[in-house]
Amino acid sequence: MFEENELDATFQDIVDLAKNCRFNDCRHETENDCAVKAAIQAGVLTESRLLNYSKLQRELTFQERRTKQKERFKNKRKKTR
């Protein structure tokens, strides 16, 4: 699975475009002044590339959350022994 820095390196074009979005927490969906959406409309970026990036970001977030849950469970079990 990707690590976040690998994901960003693979999709550096989107990361660079996102720096120009009006909002720091832009999700590149329906926000006003989204540089990523503007790039899609201008034909500079394909929507499928953004969808792939978003999907991998969600998967990465899920994996990170799952790893943390496993660690908490493991630590809980150690304390009860």
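Figure 1. Histidine 28 has a relative accessibility of 12%, so it counts as buried. The cut-off for that word is under 20% relative accessible area. This is a predicted model. The phi angle of histidine 28 is near 60 degrees. That is a positive value, in a residue other than glycine.

Figure 2. How many helices and how many strands does the chain have? The count is four helices and zero strands. Read from the N terminus on, the order of elements is α-α-α-α. The C-alpha trace spans about 60 × 25 × 15 Å along its principal axes. The radius of gyration of the chain is 17 Å. For a compact globule of 81 residues, the value would be near 12 Å. Of the 81 residues in the chain, 22% are buried.

**Figure 3. Cysteine 26, in the loop between helix 2 and helix 3.** Cysteine 26 is placed in the loop between helix 2 and helix 3. Is cysteine 26 buried or exposed? Its relative accessible area is 12%, so cysteine 26 is buried. Now compare positions in sequence and in space. Cysteine 26 and glutamate 4 are separated by 22 residues in sequence. Their C-alpha atoms lie 17 Å apart.

**Figure 4. Aspartate 33 and arginine 22, a salt bridge in a loop.** Side chains of opposite charge can pair when their charged atoms come close. Here aspartate 33 and arginine 22 meet through their side chains in a salt bridge, at 3.3 Å from N to O. Aspartate 33 and arginine 22 both lie in the loop between helix 2 and helix 3, so the pair ties together parts that are 11 residues apart in sequence. Arginine 22 has a relative accessible area of 54%, so it is exposed. Aspartate 33 has a backbone feature of its own. Its phi is near 60 degrees, which is positive in a residue other than glycine.

Figure 5. How many salt bridges are counted? The count comes to six. Aspartate 13 counts as partly exposed, at 31% relative accessibility. Arginine 49 also counts as partly exposed, with a relative accessibility of 27%.

Figure 6. Lysine 55 forms a salt bridge with glutamate 59. Their closest N and O atoms are 4.0 Å apart. What separates the two residues along the helix? Lysine 55 and glutamate 59 are four residues apart in helix 4, so about one helical turn separates them. Lysine 55 is partly exposed, at 45% relative accessibility. Glutamate 59 is partly exposed as well, with a relative accessible area of 31%.

Figure 7. Alanine 42 is found in the loop between helix 3 and helix 4 (47-80). Is alanine 42 buried or exposed? Its relative accessible area is 59%, so alanine 42 is exposed. Alanine 42 and aspartate 13 are 29 residues apart in sequence. In space, 14 Å separates them, C-alpha to C-alpha.

**Figure 8. Isoleucine 40, a buried residue of helix 3.** Isoleucine 40 lies in helix 3. With a relative accessible area of 17%, isoleucine 40 is buried. Phenylalanine 62 is 22 residues away from isoleucine 40 along the chain. The C-alpha atoms of these two residues are separated by 27 Å.

**Figure 9. A patch of negative charge on the surface.** Which residues gather in this patch of negative charge? They are Glu3, Glu4, Glu6 and Glu64. Glutamate 3 is placed in the segment before helix 1 (4-10).

How values were computed
Residues numbered from 1 in each chain as written. Predicted model: local features only at pLDDT ≥ 70, side-chain atom pairs only at ≥ 80, totals over all residues. Heavy atoms only, no water. Patch = residues over 30% accessible without salt bridge, like charges linked within 9 Å, V, L, I, M, F, W, Y side chains within 5 Å. Areas by Shrake-Rupley, 256 points an atom, 1.4 Å probe, with all protein chains shown as cover. Lys, Arg positive; Asp, Glu negative; His and termini not counted. Charge placed at Lys NZ, Arg CZ, Asp CG, Glu CD. Buried < 20%, exposed > 50% of the residue type's maximum accessible area, 1.4 Å probe, protein only. Rg over C-alpha atoms; globule rule 2.2 N^0.38 Å.
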